[in-house]
Amino acid sequence: MEEITEYDINLDSNLRRNPLDPERNGRTIVTGDHRKEFYIPCTSSFEESSGDLSDDSEDDSDDDEEEIQEDFLPLPPILPPDLDVEDPLVIDDWGFSAIATSVYQYAEDVLRKVWMNISWTVCHFHTLPQWLQDNDYILHGYRPPLQSFKRCLHSIFSVHTETGNIWTHLLGCIAFFGVGVFFLSYPTPELSHVDKAVFAAFFIGACFCLGLSAAFHTFLCHSEKAGRLFSKLDYCGISLLITGSFVPWLYYSFYCNFYQKIVYLSVVLVLGLTTVIVSLWPRFGEPKFRFLRAGNFLAFGLSGLVPAFHYAFSNSWALAVSQAGMQWLILMGSLYVIGTMFYALRIPERFWPGKFDIWFQSHQIFHCFVVAAAFVHYHGITEMVQYRVSVGECQFL
Ligand SMILES: [Zn+2]
C-alpha cells in the first residue's frame, strides 16, 4: 500500500499556527513530548494502481499515454480458445455460471479501472511531491500528479488550487483573440498594413502570454518534466507580452523620428530575447527564485520608462498625453507593478494561510491585474493609432 511519511510539526510555522486543521489530509499524533503529523503521500488513483507508471510518464508524449492507457485496460474474460459459443450444449458443458462469473468480473474490473482512471481527490500541500510544492501558504485543494494530458485537461472543469489561475488567463486569451480578429479585420484604407502589423505584435504577445499561462496552470501537475517545460513556456509568454506591448507604443510615439524609433524597437527586441533566454535557465522556475522572476520581468517592463521620459522631456506633457497615451501607459505600468507585488509577496494568503486555497489567492489576483493591464494598454495604443490616422503623415519642415 501507500508509503506513510511523517512530517515533524515543530519544523513548520504554519502547522504550529493551526495544527489540527480539519481540512488537512493527515492526522496529528502525540507521543510523549513529540507531536507529529502523518501524511499519506498524495497520488492519483491511476498512479497508485500502476506502480511503474512514474518512470514511463517521463516521456510525456500522447503515444506513450495511449500505451499506458492500453496497458491499463483489463483483459477480456478468458474462455477456452476452441469453445463454440453458438452451441448451447457446449456452453452448458463448460458451465454457464462460470461464463456469467467471468463476464461479471470483467465488467466490474472495467468499471473500477475506468473510474480509477478519471478520478482523483485534492491533496494537502505536504502530501505533494516536492516538484509540485510551490506556495506553502496554500494548504489544501491541490491536484495530485495526474500523469495524463487528457486528465489534466478534464481537471480545468473541477475545483482545485489552479482553477482560478487557469480560467483567468484562458478567458483573457479568448477575449484578446476575439478583439485581435475584430481589429485586424478592419478595412485596409482605414488602417495600413504596417498599422495592422504593429498591432498584431501586441495581440500575438497577449494571446501567447495568456494562452501559455493557462496551459502551464493546466498541465503543471502532469509530471515534473511537463511542469518544468510548461513553466518555461509561461515565462517566455510573459516576455512576448512585454515585447509585443512595447512595439505599437514605440512605433506611434516616435512615429516621426525614424532613427529613435528603430533604436528603441531594436533595444526592446534584444531585451525581450534576453528575458526569454534567462527564463529558459533550468532553475529559473524554482520557488526560491520567485523574486528573481518577478524582478526580471519588472525590470524589462520598467525599461519602458526610458523612452517614456525621453518623449515627455523632448515634447510637452500635453503632447505626451494626447499623442503617446502617457496616462494609459502609467496606469498599465501601475497595474503590472501592483499585480507583481501580490505575486512576489504572496498576499493575501501569507497573512491567512489556508484561507485562500481555492479563490482570491495572490496568483489569481496577479493574473487579473495582468489581463486588466493588457486591456488598458490596448485602449492606449488604440487612441494613439486614432490620433495618427486623424493627423495624417509626418510634416517635415
Ligand atoms: Zn500564472
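## Helices and confidence in a predicted model

**Spans listed in UniProt**
- An unreviewed UniProt entry lists residues 166-186, 198-221, 233-251, 263-282, 294-313 and 325-345 under "transmembrane region".
- Residues 325-345 are 95% helix and 0% strand, with 30 Å between the end C-alpha atoms.

**A look at helix α13**
- Helix α13 covers residues 305-314, and P307, A308 and Y311 are buried in it.
- Looking down the axis of α13, you'd find its buried residues within an arc of 105°, so they line one face of the helix.
- Which residues are exposed on the other side of α13? They are L305, V306, F309, F313 and S314.
- The cover over the buried residues of α13 includes α10 (224-253) and α11 (258-279), along with α14 (317-324) and α15 (326-345).

**How confident is the predictor?**
- Across the chain, pLDDT averages 78, and 73% of the residues score at least 70.
- Residues 1-38 have a pLDDT below 50, and in the model this stretch has 50 contacts beyond near neighbours in sequence.
- For residues 46-77 the pLDDT is also below 50, and the stretch has 37 contacts in the model, again beyond near neighbours in sequence.

Conventions:
Residues numbered from 1 in each chain as written. Predicted model: local features only at pLDDT ≥ 70, side-chain atom pairs only at ≥ 80, totals over all residues. Buried ≥ 20, exposed ≤ 12 C-beta atoms within 10 Å, placed from the backbone. Helix = DSSP H or I, 4+ residues; strand = E, 2+ residues; numbered from the N terminus. Arc of directions from axis to C-beta. Contact = placed C-beta atoms within 7 Å. pLDDT = per-residue confidence, 0-100. UniProt positions renumbered as here; feature names shortened; annotations may be inferred.
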